[in-house]
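Here are a few notes for a colleague who has not looked at this structure before. Please read them with the model open.

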Amino acid sequence: MAKQFDVAVIGAGAAGMMCAAVAGQRGRKVVLIDHATKLAEKIRISGGGRCNFTNLYAGPQHYLSKNPHFCKSALSRYTAQDFIGLVKRHRIAYHEKHKGQLFCDDSAEQIIDMLKAECTTGNVAWRMPCKVEAVGKAGERYRIDTDSGVIEADSVVIATGGLSIPKIGATDFAFRIAKQFGLKLIEPRPALVPLTFDASGWQPFVPLAGVALEVDIEAGEKKSRGHFREDLLFTHRGLSGPAVLQISSFWQPGAALTLNLVPEMDVAEVLIEGKSALKKNLGNLLAQWLPARLADGWLGANGFRHDARLADMPDKELRRLGNSLNRWTLQPNGSEGYRKAEVTLGGIDTRELSQQSMMANKAPGLYFVGEAVDVTGWLGGYNFQWAWASGVAAGLAV
């Protein structure tokens with residue numbers, strides 16, 4: 001005999017647990033299904049184990065989507081302040097780290113425990129680990145075949161995430177179900193991911209591995225151009241750090257990035273104007289504005305001598321040096337892929353869904369929430385806020 005529920009939520013991550021808790025607390029009979037043996041691994045490893053659970057400034061402008069207005073409804077109805085209220089009710093201590101990013105003082109486990117407790121309050125039934133073999137219709141209801149029996153439900157919420165970090169269980173389940181019910185997809189690709197560079201072209205910068213500094217970084221075209229001021233990290237294979245993770249969502253294969261390593265200054269202008277007044281060599285001068293190892297490495301990589309006296313340098317060469325620092329243009333040859341991507345860009349086309357409820361227009365009673373949907377946040381707690389907001393939107397509607 002099939003087990004009967006009002007709502008079946010498939011995927012017990014951030015969006016799924018939030019949705020199940022809200023629906024259960026409205027009096028719906030809810031079952032939460034997940035194939036993993038360990039609950040909410042993506043929450044557990046996020047933010048270095050402290051979970052960057054939201055951002056104080058989260059708003060629609062911090063999200064990428066082919067349909068940018070879609071996220072407005074859910075985000076306005078369940079805000080960062082709403083989630084902070086929940087965190088406070090569960091007495092979880094937290095702090096702001098950088099640009100509105102909120103982290104647990106102690107551990108990401110506290111967020112998982114909070115969501116589990118909210119599900120318990122809503123009398124949510126659990127099936128975990130439990131593999132879903134098929135989702136289909138049984139008359140007016142949905143039928144879910146699992147390795148622990150058949151479940152029937154009036155509503156099904158797909159909260160299984162995207163393709164990022166397959167080693168902790170990411171699959172294309174949501175996309176397969178979407179296609180099965182005739183929903184369009186926006187081509188998925190890795191986002192918030194380190195970018196890679198051609199090994200021979202990167203050779204001059206390999207000695208700079210470990211150097212970090214704040215930069216301006218840009219990529220993309222016209223309306224879809226991204227611009228961030230964030231920390232950059234040189235690695236043996238290329239560039240990483242928040243600056244690169246942020247811009248990776250805007251970068252297209254074959255395109256270039258533009259970096260400004262000294263954002264507050266027109267370096268060429270300062271060098272040319274300072275020729276008579278600044279009695280210094282290039283190496284010492286650059287080390288005032290850049291980490292010393294970068295100043296040395298940069299001069300060498302661009303064909304300048306560390307001990308060259310500023311006063312002896314032609315304006316043309318100083319302009320070349322200044323431009324190399326203020327407008328460093330370089331072309332990645334790819335990214336580290338889903339293995340290292342924090343999120344998936346693209347996914348289920350939001351034009352197929354109700355922005356109020358997250359329900360599929362073509363399949364009444366079928367909902368998609370969280371990362372599986374074509375709404376991708378910036379780095380810094382924005383993707384969790386989308387998980388909470390979209391989960392609540394569906395939880396209130398099922």
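1. A pocket here is an open set of grid points where a 1.4 Å probe fits, with protein on both sides within 12 Å along at least five of seven lines. The model is predicted. In it, the second largest pocket holds about 620 Å³ of space. Its lining counts 24 residues, and those closest to the centre are Leu64, Ser65, Lys66, Ser224 and Ser249.

2. What is the lining of the second largest pocket made of: nonpolar, polar or charged residues? There are eight nonpolar, nine polar and seven charged residues. Four strands, β4 (63–64), β11 (185–191), β14 (226–234) and β19 (343–348), each supply at least two residues of this lining.

3. Strand β14 also belongs to an open sheet of seven strands, ordered β17-β16-β13-β14-β15-β12-β18, with antiparallel pairing. The edges are β17 (328–330) and β18 (334–335); each has a single partner strand, so one side of each is left without a neighbour in the sheet.

4. Within this sheet, β14 and β15 (residues 238–240) run antiparallel and are joined by two bridges. Phenylalanine 234 has leucine 239 of β15 as its bridge partner.

5. Helices α1 (residues 14–25) and α13 (residues 382–397) pack with their axes 7 Å apart, at an angle of about 30°. Their crossing is right-handed. Residues in the contact include Ala14, Met18 and Val22 of α1, and Phe384, Trp388 and Leu396 of α13. By class, the contact residues of α1 with α13 are twelve nonpolar, three polar and no charged.

Definitions and conventions:
Residues numbered from 1 in each chain as written. Predicted model: local features only at pLDDT ≥ 70, side-chain atom pairs only at ≥ 80, totals over all residues. Heavy atoms only, no water. 1 Å grid on protein atoms, 1.4 Å probe; cavity = no way out; pocket = protein on both sides within 12 Å on 5 of 7 lines; lining within 4 Å. Points joined across faces, edges and corners; volume = space filled by probe spheres on them. Nonpolar A, V, L, I, M, F, W, Y, C, P; charged D, E, K, R; others polar. Axes fitted to C-alpha atoms, helices over the stretch in contact; angles between N-to-C directions. Left-handed = near helix turned anticlockwise from the far one by under 90°. Contact = heavy atoms within 4.5 Å. Pairing = 2+ DSSP bridges.
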